[in-house]
Amino acid sequence: MEDEVDRLVAAWRRERPDLDVEPLEVLSRVSRLARHLDRARRLAFSEHSLEPWEFDVLTALRRAGAPYQLSPGQLLTQTLVTSGTMTNRIDRLAKKGLVERLPDPSDRRGVLVRLTENGRDRADRSLSGLLDQERAILGELSAAQRDELASLLRQLTAPFDNIPG
């Protein structure tokens, strides 16, 4: 079955036979898939009145395990945003009653961000919706193919995820 990437690669091979466009075969598909995944995520989250960034923060706290709290610095590391952005996000989530700020008992100047019961419920329900969407996307692949794809993608992403600093 042909896809849009096949068509654009064929066009580049015709127009620029001097270039090796083979990387497009993989990375253009990854890019297009990322756009489809973004749409699926937005749909799954909108059903629970969440934005993608809200889901990212809430699920980082949920994955932390009971009592579902992290420092703002730990949230920065997990969500890859700036300090100012994280402060704004925590403020907005607190106004919605999805998180609360608590004093950090190990650092008098610090705070911890804790998931509220409502936040935990929203995180859990939206995760279930997301997984339903993602299962549908992967439905054409066998279990062995999904495992192989996950392994190959890990090889590509691990160097980025393990850059010091």
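"Buried" on this tour means under 20% relative accessible area, with exposed over 50% and partly exposed in between (1.4 Å probe, protein chains only). What you have open is a predicted model, where local features need pLDDT of at least 70, side-chain atom pairs count only at pLDDT 80 or more, and totals for chains, interfaces and linings use all residues. Residues are numbered from 1 along each chain as its sequence is written, and side-chain values use heavy atoms, leaving out hydrogens and water.

Start with the whole protein in cartoon. You'll find 7 helices and 3 strands; helices (H or I, at least four residues) and strands (E, at least two) are DSSP runs, numbered from the N terminus. Follow the chain and the order is α-α-α-β-α-α-β-β-α-α. The radius of gyration is 20 Å, well over the 15 Å that the globule rule gives for 165 residues, so the protein is more spread out than a compact globule. That radius is taken over C-alpha atoms, and the rule is 2.2 Å times the number of residues to the power 0.38. Along the principal axes, the C-alpha atoms fill a box of roughly 65 × 35 × 30 Å. Of the 165 residues, 25% count as buried.

Next, select helix H3, residues 52-63, and pick out Leu61. Is Leu61 buried or exposed? Its relative accessibility is 0%, so Leu61 counts as buried.

Now show what surrounds Leu61. Leaving aside residues up to four places away in sequence, Leu61 touches Tyr68, Gln69, Leu70, Leu75, Val99, Val113 and Leu115, a contact being heavy atoms within 4.5 Å. Finish on Leu115: 54 residues from Leu61 in sequence, yet 6.2 Å away, C-alpha to C-alpha.
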